[in-house]
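Trainee: I am new to this and would like to learn how to read a structure. Could you walk me through it?

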Amino acid sequence: MPKTKHTVRFMPDGVSVDVFAEAENLLRVALVAGVHVNASCGGSGTCGKCKVKILEGEYEADRSAKISDEQWEEGYRLACRTRVTGDLVVEVPIESRHEKGVLARLRGTGQDHVLAEKHWGAEYETVPPEPLVRKYFLELTPPSEGDNISDMGRLAQALKRDYRIDQVLGEMEMIRSLPKVLREGEWKVTATVLTGRCGNRILRVEPGDTRKNAYALAVDIGTTTIHAQLVNAFTGEKLAKAAEYNAQMSMGEDVITRIVHAIKPGGLEILQKRAVKTVNEVLKEVFDKTGVLREEVTHLVLGGNTTMTQLILGIYPRYIREAPYVPAANLFPVFPASELGIELTPRTLAYAMPCVASYVGGDITAGVLATQMHLHDELTLFMDVGTNGEIVIGNKDWMVSASASAGPAFEGGGVKFGMRASYGAIEQVRINPLDLEPMFMTIGQQKPKGICGSGMIDCIAELQQCGLISQNGKFNRELSGVTWRIREGEGGWEYVLCKAEDSQLEEDLTITEPDIDNLIRTKASIYAACSVLLKSVGLHFGDVQKIIIAGGFGQYIDVEKAMTIGLLPEVEPSKVSYGGNTSLEGCRIACLWSGKVAEAEQIGSMITNIELSVSRIYMEEYVAALFLPHTRMEEFPLRAKKLEETNKLLGEIRRAHPQENP
Ligand code: FES
């Protein structure tokens, strides 16, 4: 449990909430506390509706034209422009709230379990990097009449003497440059060496000590999105990240349609080039952000599901799709990244994370490596929610995996205003159950331009909790007479989350019934896959000691909301961790420590894969999960009770306070 930094008390309801991050945004604190503050611009500071009055305590706030000098003197601030730096007492003014206690009764007074993305590799941070491709500084003894061995022999001797690296071979290009570099550097040089089971190779020699100018790239090849992270391979420092939609998307949203394209004449080449084009775009972005030169990158580590791995490596993927579902290889050699068309020097080596089976790939071995579930006794359920939902259950002694076609809904695909978790994406949503008005925050606190996975989870859970949608995801049409936000749009019934004038869009930002259907199908496939996998080893959700959910949802995930929609099973929230992009994190770890590459290969060989397509019960489980949260409500007893209580209370309140309804 993180340490509480500050406490914020919201008046007049008296709701208190613990704040764990320094300088946390006050609007986010209100949102997590379940305190409704009007906020219709996502926290970008432009709507001026999130005015609150600070009664006492320490904070920092930005001036805004939305607050007059007189109001500023009285203590009024924009919640979205205020950072909490001490214990605070805040009054939510009448225009921003509703009858005292009503919301607290509806929401309960406990704060939500909003998890920030966990920083998995933290325990390695104190260990100096020892990458697969590493730079070594050497001071050589100049040749003399009594010591005239070859330049290469002298270099090899020094590597053995100073670093115990034996039996090295030099790359031809390096040998060509060697006589000049040694003398230019006055026998003080830096050698870039690949060490590994296939022997030790000197890739490059530079004059002087250039060890600090060594960089590596972690690249996650997602079916929907490609992410890259640049790190300093000498210090381990994280330098920059970038992400872009995979240019293969126009050739199908899932791996099956990509394979179908790839086996057409010329198809594999087109798909390979498209993935590489996106990789080159994200690499350009990290180089532009940091000023690092391409020639200073020593190596990169790629992680992706098996289809994405084979496609970027240019390997014919047909047999992944045909029974008995055989991948070309699970382990791959180290090779020059430029061979794939990646815009790096021929000296920059690439390594692809090991795969497990046709539908459980290097993204999963990377994820297990990052989360370290393979090192602990606790029975852990690891779910990586991407376009393919990949699940691993086990501990340090055994692991089983399965994969389900989930769809890209949580990454923004198939959702009208869905987008990747990047600036301007709505990431947290609350809806006031009384007037059905939303409050939300965006990533980077910009005007909204779409909604990412965590925003969708929140939004659907809130729509259901406010009675706006029923358990089958359909809008309660009757409420269109109560709020203008429910309406019949061109694509069917929808809820207006943000008006066009408050967004970066030219039309209202809505959540539609087809969006909700897509999300329900996605979460149903993940839940069903977990359920079948557990049953296959004679276990059930109650046996699981730890759940790690990974994926590109956003910076935060609200565990309670994820349970409300049935993406997660109903467990004690403290058992759940949010992994973020564990594939990228695993690739980063493999970039920096060669021992972790060997560990990833061990993980790959340790996992037993179970094929869901031959499971007799998967379809049954999937259909049962096509409900919010599930048709078997006995598996969600707390949600069932809460749903019943909320509906009862809402009915009472709406009858007793008709004036609350606009
Ligand atoms: S000004 Fe703060 S949410 Fe709009």
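Mentor: Happy to. Let us start with burial: a residue is buried under 20% relative accessible area, exposed over 50%, and partly exposed in between (1.4 Å probe, protein chains only). This is a predicted model, in which local features need pLDDT of at least 70 and side-chain atom pairs count only at pLDDT 80 or more, while totals for chains, interfaces and linings use all residues. Residues are numbered from 1 along each chain as its sequence is written, and side-chain values use heavy atoms, with hydrogens and water left out.

Trainee: Is Arg-477 buried, exposed or partly exposed?

Mentor: Arg-477 counts as partly exposed, because its relative accessibility is 36%.

Trainee: Which residue does the side chain of Arg-477 meet in a salt bridge?

Mentor: A salt bridge is a side-chain nitrogen of Lys or Arg within 4 Å of a carboxyl oxygen of Asp or Glu. Arg-477 meets Glu-513 in one, at 2.5 Å from N to O. Arg-477 lies in the loop between α11 (453-465) and β24 (486-489) and Glu-513 in helix α12, so the pair ties together parts 36 residues apart in sequence. Helices (H or I, at least four residues) and strands (E, at least two) are DSSP runs, numbered from the N terminus. Glu-513 is buried, as its relative accessible area is 9%.

Trainee: How many salt bridges does the structure hold?

Mentor: There are 39. Another one joins Glu-599 and Lys-596, with the closest N and O atoms 3.1 Å apart. These two both sit in helix α15 (residues 594-606), three residues apart, or about one turn of the helix. Glu-599 is buried at 16% relative accessible area, and Lys-596 counts as buried at 14%.

Trainee: What about nonpolar residues?

Mentor: In soluble globular proteins, nonpolar side chains tend to be buried together. A nonpolar core is a set of buried Ala, Val, Leu, Ile, Met, Phe, Trp, Tyr and Cys residues joined through side-chain atoms within 4.5 Å. Here the largest one has 71 residues, and Leu-463, Leu-497 and Ile-549 have the most contacts inside it. Helix α12 (residues 513-536) gives the largest share of this core, 12 residues.

Trainee: Why does this core lie between domain 3 and domain 4?

Mentor: Domain 3 (373-406 + 520-638) and domain 4 (410-516) both give residues to this core, so it lies between them. The domain bounds come from an automatic or database domain assignment. Apart from this core lies another, of 41 residues, including Ile-226 and Leu-268.
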